[in-house]
Amino acid sequence: MTRAPGRFWSNVMAVAYKETRILRHDRAFIGVIVAQPIMMLILQGAVLSNKPANVPWAVLDWSRSAVARRFVADVEATGYFLPPQSVASYDEGRRLLQQAEALAFVVIPETLARDVERGRPRVQLLLDGSDPLSAARVGGYIAQVGAALDLGTDSLQERRPGVPVRFPGPVDIRQRFWFNPTLADRRFFLSALAGMLLTNLCLSVMSLALVGERESGTYEQMLALPTSSLEIVLGKVAPYVAVSYVLMFVSTAAAGVIFGVWPRGSWVTLSVATLPFVLASLAIGVFVSALARTSAQAVFIAVFFILPSFVLSGVIYPYQFMPRGVREIGGLFPLRWYQIALRRIIERGAGLVDVAGPMLALTLLFAVLLLAIRWRMKPRLG
């Protein structure tokens, strides 16, 4: 039986009107819809930038001369760098690069002042190449300072009166990139790929865990069982921990087979560092599910966590260059700490000791989330 066109559109409008009234009273849905574009607008317009800022760097000054002090002061005066960390040895500077506590390591030779007089001053610059764009920009700024260095001849003449000296001229910055000598963008993005995939999986799947029970009418039955909220949560996340490990191994191995980006550290270290991240991410999904009343709310709240996590964690933009305050907010997302661990393991060949800090932060986040979930679920037992 064929319906009249007028009746067809009348039925469509009636259903649309009903759905509109439902959405109008869904405050959580409307709040997320309004907050997401505002949040992303602020992040993209006022927070994120490829321009270096707050760059940590280290200096090994064997020269102890006025030329060296002026060079270091001019680099710091650019406004892109934090006060330099003075190191006493080459190995100490390499350790700071290895642990990502410095993005640049300047080595000033003992002969700098004499080389200036001869017109051939040189300074060695070691850069963390794991983030190619940042390394190139940081190296470019330091090279500009060296090329524009102008000390005049007064200070040199005072140091060696009566000895003719040459104009200092530019300082030749000999750059060397560590961890990614060719500055390949592929290594930078693929090293954090597993973190992005696991974040999306854990939050998307687990955000529907409890709300799905509630919509199917089995939530109260589950809470009536002789199990605690902690046991329920751990039971819920256990199967997805295994799924997450499969995804991590597949994505990491695929990056190695297809693009040649293999972990320089051990797979054991990678596996151990992955566990607290997966647990913390799954716990966020459970917490979202405990907050939401419908599946639609759960999905939108999960996306509300996923997007800022990608932006503020450092997987796409270097978190070191973010303004203070925003950088600390990014530390509340598990992906921030996991991407640090991933890049140390995959790009730097780090061991368990080197990723102990990120693992501790992830463990603390997981513990706090468990307490929040228990608080959210406990009132519903009645």
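Predicted model: local features only at pLDDT ≥ 70, side-chain atom pairs only at ≥ 80, totals over all residues.

Q: How are two packed helices described?
A: Two packed helices are described by the angle between their axes and the distance between the axes. Helices are DSSP runs (H or I, at least four residues), numbered from the N terminus. Axes are lines fitted to C-alpha atoms over the stretch in contact, and angles run from 0 to 180 degrees between N-to-C directions. Here, helix 13 (residues 267-291) and helix 17 (residues 356-377) have axes that come within 9 Å and cross at roughly 25°. Helix 13 and helix 17 are therefore roughly parallel to each other (angles under 35 degrees count as roughly parallel, over 145 as roughly antiparallel).

Q: Which residues of helix 13 and helix 17 make the contact?
A: Contact means heavy atoms within 4.5 Å. Among those making it are V272, P276, F277 and F287 of helix 13, and M359, L362, F366 and R376 of helix 17. By class, this contact of helix 13 with helix 17 has 18 nonpolar, 1 polar and 1 charged residues. Ala, Val, Leu, Ile, Met, Phe, Trp, Tyr, Cys and Pro count as nonpolar, Asp, Glu, Lys and Arg as charged, and the others, Gly among them, as polar.

Q: Are helix 9 and helix 16 roughly parallel or roughly antiparallel to each other?
A: Helix 9 (residues 193-206) and helix 16 pack at an angle of about 150°, with their axes 9 Å apart. Helix 9 and helix 16 are therefore roughly antiparallel to each other. The contact is made by A194, G195, M196, L198 and T199 of helix 9 and L335, Y338 and L342 of helix 16.

Q: How many cavities of 30 Å³ or more does the structure hold?
A: On a 1 Å grid over the protein atoms alone, a cavity is a set of points where a 1.4 Å probe fits but cannot get out, and lining residues have an atom within 4 Å of a point. The structure holds 4 cavities of 30 Å³ or more. Of its 16 lining residues, the closest to the centre are S130, Y319, Q320, Q339 and R343. Helix 16 (residues 334-348) gives the most to this lining, with 5 residues.

Q: Which residues line the second largest cavity?
A: L190, S191, A194, S251, T252, A255, V261, L342 and I346 do. The second largest cavity holds about 70 Å³ of space, and its lining divides into 6 nonpolar, 3 polar and no charged residues.

Terms used. Residues numbered from 1 in each chain as written. Heavy atoms only, no water. Helix = DSSP H or I, 4+ residues; strand = E, 2+ residues; numbered from the N terminus. Parallel < 35°, antiparallel > 145°, perpendicular 65-115°, else oblique. 1 Å grid on protein atoms, 1.4 Å probe; cavity = no way out; pocket = protein on both sides within 12 Å on 5 of 7 lines; lining within 4 Å. Points joined across faces, edges and corners; volume = space filled by probe spheres on them.
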